[in-house]
Amino acid sequence: MNYPKEFENLIDSFRRLPGIGYKSAERMAYQMLEMKEEYREKFIESLQNITHLKKCDVCHNLSSDDKCEICSDLNRDTSLICVVQSIKDVFAIEKSNSYNGVYHVLDGVISVKNGKLPEDLNIDSLLNRLDGVKEVIVATNPNLDGETTALFIAKLLEKRDVKVTRLAYGLPMGGNLEYSDDVTIMKSFENRKSF
Ligand SMILES: [Zn+2]
């Protein structure tokens, strides 16, 4: 006997998540079935609500409004822009409490392997928001693609009246900002270097 179609559809939905095979998806579907009604309602509501999320008009961070919480915060130092490759990095840095500037999310890095070109990234919007900016901190990951992207951005900004720095990772080459602990992130900001 096959599962009822509704249940099979739920399993299929879980299988779309990266790293989830049929067995895990099946287990998750059963857990949903057994979940208390009120939690399940909350779960459904949260899923529906993410369709209202957008990208910040200024920095491309995740946001409920046109402008994200960070860009709307008047206590932020807007003369400092930290360039990161993904939204997850914004949240990792925020969690470390070591930075009070604003961000710019590239949405990826230049990558030959993945066919990502500079025009696929949010680079133009970075160049368009440099008025009054004193320093751009490039915080792409310390691996081949991250370094390539950092150099590309440094080169682009060479003739602009802005200092460009790179995070001094206490991370090994090939490391990942998103998985770094707060102290490592704090140190990497303190020890950042000019290009
Ligand atoms: Zn923003």
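**Close-up views of charged pairs and cysteines**

**View 1. Glu 26 and Lys 23 form a salt bridge, with their closest N and O atoms 3.3 Å apart.** A salt bridge here is a side-chain nitrogen of Lys or Arg within 4 Å of a carboxyl oxygen of Asp or Glu. The model is predicted: local features need pLDDT of at least 70, side-chain atom pairs count only at pLDDT 80 or more, and totals for chains, interfaces and linings use all residues. Residues are numbered from 1 along each chain as its sequence is written, and side-chain values use heavy atoms, with hydrogens and water left out. Because Glu 26 and Lys 23 are three residues apart in helix α2 (residues 22-34), about one helical turn separates them. Helices (H or I, at least four residues) are DSSP runs, numbered from the N terminus; strands (E) need at least two. Glu 26 is buried, at 14% relative accessible area, whereas Lys 23 is exposed, at 62%. The cut-offs are under 20% relative accessible area for buried, over 50% for exposed, and in between for partly exposed (1.4 Å probe, protein chains only).

**View 2. A salt bridge joins the side chains of Asp 182 and Lys 95, at 3.4 Å from N to O.** This pair links distant parts of the chain, 87 residues apart: Asp 182 belongs to helix α8 (residues 182-190) and Lys 95 to helix α5 (residues 87-96). Asp 182 is partly exposed, with a relative accessible area of 27%. Lys 95 is exposed, with a value of 59%.

View 3. Lys 187 is partly exposed, at 44% relative accessible area, and Glu 190 is exposed, at 52%. Side chains of opposite charge can pair when their charged atoms come close. A search of the whole structure gives 10 salt bridges.

**View 4. The whole structure contains zero disulfides.** Cys 82 is in no disulfide, and the nearest cysteine sulfur, which belongs to Cys 59, is 11 Å away. A disulfide is defined as a pair of cysteine sulfur atoms within 2.5 Å. Cys 82 is buried, with a relative accessible area of 0%. Cys 59 also counts as buried, at 2% relative accessibility.
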